[in-house]
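Student: Could we go through this model together and ask what stands behind each label?
Tutor: Gladly, let us take the labels one at a time.

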Amino acid sequence: MKRHQQLLETKLEARKESGILREMQLPGNGVDFCSNDYLGFKDHPLLKAEAIHLLTETKLPLGSGGSRLLAGNSDQLQRLEKETAAFFKSEKALFFNSGFDANLGIFSSVPQKNDIILYDELVHASIRDGIRLSFARSYSFAHNKPEALEKKLKLFRGSTIYVAVESVYSMDGDTAPLRDMVNVCQNYDAALIVDEAHATGVLGSGRGACEQENVSDHVFARVFTFGKALGSHGAAVCGSVILQEYLLNFSRSFIYTTAFSPFQAKLTSLSLQFLQEHPEMISALQKRINFFDQQAAKAGISKWFIPGNSAIKCLLTGNGEKSRKIAATLRENGFEVRPVLSPTVAQGSERIRICLHVFNSESEIADLIHQLKIALT
């Protein structure tokens with residue numbers, strides 16, 4: 001036992017010496033430019049009131065009692081899946097406990113031995129882990145480069161091929177060229193899988209980037225998460241009836257886990273309904289995004305940011321220590337931001353990740369830009 005502990009300590013010490021040891025910290029009291037709560041749903045008073053009502057006025061159980069295939073299925077969860085499929089204009093939706101579980105479930109079970117998975121080099125860790133559990137062969141292609149994807153597709157023409165991208169990249173904030181990706185995949189009969197985690201509730205009237213680009217019908221599977229802009233929990237895989245039935249039978253991260261409780265399913269349903277009833281919140285968020293871009297340009301610091309139209313704005317420093325210092329200075333001035341360091345991103349591409357929200361005022365955004373300009377000059 002002692003030897004095993006020492007091995008762990010050695011690995012941790014190496015990270016500490018490299019300055020990349022991860023540590024948890026509680027949210028501060030500054031202005032939130034850090035969380036994925038883009039629409040402010042997690043603390044919205046009307047949604048909180050609905051949650052209190054559900055807890056006190058209904059008899060919904062707080063737990064599910066088991067996996068979906070045993071004791072854990074519920075009317076509330078099945079209704080949520082129907083509502084989700086209808087909203088995202090899909091034949092079916094299947095709920096997983098998180099976006100990580102959803103990606104793990106798809107990529108570990110759908111591609112078969114001798115199949116090919118081609119993935120954008122910057123896809124989320126959950127997709128990478130799902131791919132590692134698959135029996136398929138996998139290869140990366142250059143980030144957001146349809147021409148690089150096509151080169152790889154040519155190499156494997158005739159194989160069963162799956163292509164993995166994010167619509168909005170969580171650590172970059174840029175969006176995939178989905179129309180070009182769809183066209184290339186169609187030319188080679190490849191199945192495109194799109195993780196819409198950071199586009200859910202933000203782009204395409206809240207339905208994601210595939211809807212915004214009018215390519216949803218040409219995508220094999222879309223993954224929507226409810227723990228970010230919708231302020232709730234869980235994730236849905238949207239696709240065909242056959243895909244839903246297949247995942248229900250073969251996806252281990254769905255089969256062998258305790259299901260959503262009826263209470264949580266109802267809360268998530270309320271968030272989805274609230275999104276549909278308040279489209280003005282999506283417009284308000286877009287105004288904040290546009291204002292941020294305008295202020296950054298006015299301050300002359302746009303060149304530091306990765307271009308993108310999402311609520312995620314990433315300022316590249318290329319240096320871990322510089323990222324930490326800038327983030328610390330911003331927190332001292334009342335802004336909650338976080339540095340993103342290696343190994344989460346490649347060494348030399350360290351950054352400050354800024355998330356915009358509908359509740360961030362223009363004066364707060366302008367003040368943040370001002371502090372950034374000072375820190376960069």
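**What stands behind the labels**

Tutor: Cys185 has a relative accessible area of 3% and is buried. This is a predicted model, in which local features need pLDDT of at least 70 and side-chain atom pairs count only at pLDDT 80 or more, while totals for chains, interfaces and linings use all residues. Residues are numbered from 1 along each chain as its sequence is written, and side-chain values use heavy atoms, with hydrogens and water left out.

Student: Why is Cys185 called buried?
Tutor: Buried means under 20% relative accessible area, exposed over 50% and partly exposed in between, with a 1.4 Å probe and protein chains only. Cys185 has 3%, so it is buried.

Student: What makes Cys314 buried?
Tutor: Its relative accessible area is 0%, so Cys314 is buried. Cys314 is also among the residues that Asp172 touches, along with Leu122, Ile306, Ile312 and Arg351, not counting residues up to four places away in sequence; contact here means heavy atoms within 4.5 Å.

Student: Is Asp172 buried or exposed?
Tutor: With a relative accessible area of 10%, Asp172 is buried. This residue lies in the loop between β5 (161–166) and α7 (178–187); helices (H or I, at least four residues) and strands (E, at least two) are DSSP runs, numbered from the N terminus.

Student: What makes the pairing of Asp172 and Arg351 a polar contact?
Tutor: A polar contact is a pair of N or O atoms within 3.5 Å; within protein, one must be able to donate a hydrogen and the other to accept it, and residues adjacent in sequence count only if both atoms are side-chain atoms. The side chains of Asp172 and Arg351 make such a contact at 3.2 Å.

Student: Why is Asp189 called exposed?
Tutor: Its relative accessible area is 69%, so Asp189 is exposed. Asp189 is found in the loop between α7 and β6 (191–195), and has a positive phi of about 55 degrees although it is not a glycine. Most residues other than glycine have a negative phi, and most peptide bonds are trans.

Student: Which peptide bond is cis?
Tutor: The one from Ser342 to Pro343, with omega near 10 degrees. Pro343 sits in the loop between β11 and β12.

Student: What lines the largest cavity?
Tutor: On a 1 Å grid over the protein atoms alone, a cavity is a set of points where a 1.4 Å probe fits but cannot get out, and a pocket is an open set with protein on both sides within 12 Å along at least five of seven lines; lining residues have an atom within 4 Å of a point. Among the residues lining the largest cavity are Arg68, Phe95, Phe96 and Phe254. The elements that give two or more residues to this lining are β2 (92–96) and α10 (252–255).

Student: And how many residues line the largest pocket?
Tutor: The lining has 35 residues, of which Arg22, Pro339, Val340, Leu341 and Thr344 lie nearest the pocket's centre. β11 gives the most to this lining, with three residues.
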